[in-house]
Amino acid sequence: MKLLLWAAIGFIVVMWLLRSNKVSSTGHASGTSNKDKLIEPMVQCAHCGVYIPASESVTAASGKVFCSDEHRLKHVGP
């Protein structure tokens with residue numbers, strides 16, 4: 001039983017040391033860079049009110065933003 005307890009403590013210490021080494025080398029614990037965390041602006045569809053990423057939106061000539069071409073046509077017309 002003593003051996004099992006010491007093995008568990010040793011495992012925890014080794015994992016803690018490896019984690020602290022990873023944090024110091026990357027600067028943060030998660031290991032992801034700021035490039036992975038880019039935030040894209042969200043826009044609201046003028047027809048149904050759903051929020052979508054700006055890169056996936058459809059913009060009418062009037063400047064209104066829609067979630068799909070179908071909603072643009074229903075709201076603005078052809």
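Predicted model: local features only at pLDDT ≥ 70, side-chain atom pairs only at ≥ 80, totals over all residues.
View 1. A disulfide is a covalent bond between the sulfur atoms of two cysteines. For cysteine 48, the closest cysteine sulfur belongs to cysteine 45, 3.7 Å away, which is too far for a bond. Cysteine 67 also has its closest cysteine sulfur in cysteine 45, here at 3.8 Å, again too far for a bond. Cysteine 48 is partly exposed, at 37% relative accessible area. Cysteine 67 is partly exposed too, at 24%.

View 2. Histidine 71 sits in helix H2, which spans residues 69–76. Its relative accessibility is 17%, so histidine 71 counts as buried, the cut-off being under 20%. Leaving aside residues up to four places away in sequence, histidine 71 touches Cys45, His47, Cys48 and Phe66. Cys48, one of these contacts, is the partly exposed cysteine of View 1.

View 3. The structure holds two salt bridges. Side chains of opposite charge can pair when their charged atoms come close. Arginine 72 pairs with aspartate 69, with 2.7 Å between the closest N and O atoms. Both residues, arginine 72 and aspartate 69, lie in helix H2, three residues apart, or about one turn of the helix. Aspartate 69 is partly exposed at 39% relative accessibility. In the other bridge, glutamate 70 pairs with lysine 74, and the closest N and O atoms are 3.4 Å apart. Glutamate 70 and lysine 74 are four residues apart in helix H2, so about one helical turn separates them. Glutamate 70 is partly exposed, with a relative accessible area of 49%. Lysine 74 is exposed, with 54%.

**View 4. A nonpolar surface patch.** Leu5, Trp6, Ile9, Val13, Trp16 and Leu17 form a nonpolar patch on the surface. Together they present about 660 Å² of accessible area. Among them, tryptophan 6 is placed in helix H1, residues 2–26. Tryptophan 6 counts as exposed because its relative accessibility is 58%, against a cut-off of over 50%.

**View 5. Serine 62 in a loop.** Serine 62 is found between strand S3 (58–59) and strand S4 (65–66), in the loop that joins them. At 55% relative accessibility, serine 62 counts as exposed. Serine 62 and valine 76 are 14 residues apart in sequence. In space, their C-alpha atoms are 8.8 Å apart.

How values were computed:
Residues numbered from 1 in each chain as written. Heavy atoms only, no water. Helix = DSSP H or I, 4+ residues; strand = E, 2+ residues; numbered from the N terminus. Buried < 20%, exposed > 50% of the residue type's maximum accessible area, 1.4 Å probe, protein only. Contact = heavy atoms within 4.5 Å. Disulfide = S-S within 2.5 Å. Patch = residues over 30% accessible without salt bridge, like charges linked within 9 Å, V, L, I, M, F, W, Y side chains within 5 Å. Areas by Shrake-Rupley, 256 points an atom, 1.4 Å probe, with all protein chains shown as cover. Salt bridge = Lys/Arg side-chain N within 4 Å of Asp/Glu carboxyl O.
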